[in-house]
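Dear colleague,

Please find the structure for your study below.

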Amino acid sequence: MRSTGAKQAGLDILRIYLQTLTNEEVEWAMRNGLANVDSLVEASTQGEIRRLNLTLLEKAKVLAKLLGRPTKLMELLVVAEYMSKVKKLYYEYPENPKDLAKWVDRVENLYREYKTRLGVDW
């Protein structure tokens, strides 16, 4: 059950980021092979961005494409970082109901921190 919650939380982090993108940015990513149906399906089933776990040559190609948009590169690194953090936090879901309020505070703080890093104000 924890793994399902962790996966969904990771997807929520990705969803928040995707909602900040303009149509032009999404089209640019698709056109440059940074996002495709396969990678989106994989992210939706795994709850993480595995495209960051590429071979050195693949990383160099992705990096070269993203150099034209360095802000997006940094944003994707933040998204991957927070997907990992939120999944870890969900695996730490408390056994004892007395600890639930403290855990919820940690989750809410993590989301606030993430949205601040992305510059999202909603």
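Among contacts in the protein between residues at least 6 apart in sequence, what percentage join residues at least 24 apart? The value is 75%, where contact means heavy atoms within 4.5 Å.

Please note that this is a predicted model, in which local features need pLDDT of at least 70, side-chain atom pairs count only at pLDDT 80 or more, and totals for chains, interfaces and linings use all residues. Residues are numbered from 1 along each chain as its sequence is written, and side-chain values use heavy atoms, with hydrogens and water left out.

The protein has six helices and zero strands; helices (H or I, at least four residues) and strands (E, at least two) are DSSP runs, numbered from the N terminus. Of its 122 residues, 31% count as buried, a term that means under 20% relative accessible area, with exposed over 50% and partly exposed in between (1.4 Å probe, protein chains only).

Helix 1 covers residues 2-18. The buried residues of helix 1 include A9, I13, I16 and Y17.

Two packed helices are described by the angle between their axes and the distance between the axes. The axes of helix 1 and helix 6 (residues 100-118) come within 11 Å and cross at roughly 30 degrees. Axes here are lines fitted to C-alpha atoms, for helices over the stretch in contact, and angles run from 0 to 180 degrees between N-to-C directions. Helix 1 is therefore roughly parallel to helix 6 (under 35 degrees; over 145 is roughly antiparallel, 65 to 115 roughly perpendicular and the rest oblique). The contact is made by A9, D12, I13, I16 and Y17 of helix 1 and Y111, Y114, K115 and L118 of helix 6.

The axes of helix 5 and helix 6 come within 11 Å and cross at roughly 180 degrees, which means that helix 5 is roughly antiparallel to helix 6. Among the residues of helix 5 that make this contact are E81, Y82 and L89.

E81 lies in helix 5 (residues 70-91) and, at 29% relative accessibility, counts as partly exposed. E81 and I13 are 68 residues apart in sequence, yet 9.8 Å apart in space, C-alpha to C-alpha.

Yours sincerely
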